[in-house]
Amino acid sequence: MSNKKIDYEREVEKIQEANNVVLKDFEQWLLSQQLSNKVIKRHLDNASLYINDFLCHYEPQQCIEGTHQVDSFFSDWFLRKYSPSKTGVQEISASIKKFYQYLLTNNKITQESYDELAYDIKESKAEWLESVESYWNEPDFEFLD
């Protein structure tokens, strides 16, 4: 195994360990909001998918750096790696927004970063849903390069 690959794997492991600490704190924050266990689990699973799988996939990034990547996630990565569904887009986007709301509340990201994320989700969700529809209904569907 090359040193570059070993360095990459170490970096991913380090980021994911830090992310898991943040996810534990996020869980406590969700519990304080008196959400059902089912909703909490869904938010945790979806946030973990975004920060531990997607953000660490190509160039490992810390979760606080993920506010500007949500369009890439839904427009391409989500379609390539999962059997995408419209419900998945709705639920995961809500979880990502909730996760970054938690980070904002705890002063881990700026209001500007959160507002940009929320705006991107609001403005792009219809396009993401359309991409899911195209993925299933168009035999010649092309991914982004």
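The axes of H3 and helix H4 (residues 86-105) come within 12 Å and cross at roughly 150°. Axes are lines fitted to C-alpha atoms, for helices over the stretch in contact, with angles from 0 to 180 degrees between N-to-C directions. H3 is therefore roughly antiparallel to H4 (an angle over 145 degrees). Val-70, Phe-73, Phe-74 and Phe-78 of H3 make the contact with Gly-88, Val-89, Ile-92, Ser-93 and Ile-96 of H4 (heavy atoms within 4.5 Å). These residues divide into seven nonpolar, two polar and no charged.

The model is predicted: local features need pLDDT of at least 70, side-chain atom pairs count only at pLDDT 80 or more, and totals for chains, interfaces and linings use all residues. Residues are numbered from 1 along each chain as its sequence is written, and side-chain values use heavy atoms, without hydrogens and water.

Helix H2 (residues 37-54) also packs on H3: the axes come within 12 Å and cross at roughly 90°. H2 is thus roughly perpendicular to H3 (65 to 115 degrees). Leu-49, Tyr-50, Asp-53 and Phe-54 of H2 meet Val-70, Ser-72, Phe-73 and Trp-77 of H3. Six of the contact residues are nonpolar, one is polar and one is charged.

The largest pocket has a volume of about 170 Å³. Ten residues line this pocket, and the closest to its centre are Phe-54, Tyr-58, Gln-61, Gln-69 and Ser-72. A pocket is an open set of points on a 1 Å grid where a 1.4 Å probe fits, with protein on both sides within 12 Å along at least five of seven lines; lining residues have an atom within 4 Å of a point. Helix H3 (residues 70-81) gives the most to the lining, with three residues.

Key. Grid points are joined across faces, edges and corners, and a volume is the space filled by probe spheres set on the points. Helices (H or I, at least four residues) and strands (E, at least two) are DSSP runs, numbered from the N terminus. Angles under 35 degrees count as roughly parallel, over 145 as roughly antiparallel, 65 to 115 as roughly perpendicular and the rest as oblique. Ala, Val, Leu, Ile, Met, Phe, Trp, Tyr, Cys and Pro count as nonpolar, Asp, Glu, Lys and Arg as charged, and the others, Gly among them, as polar.
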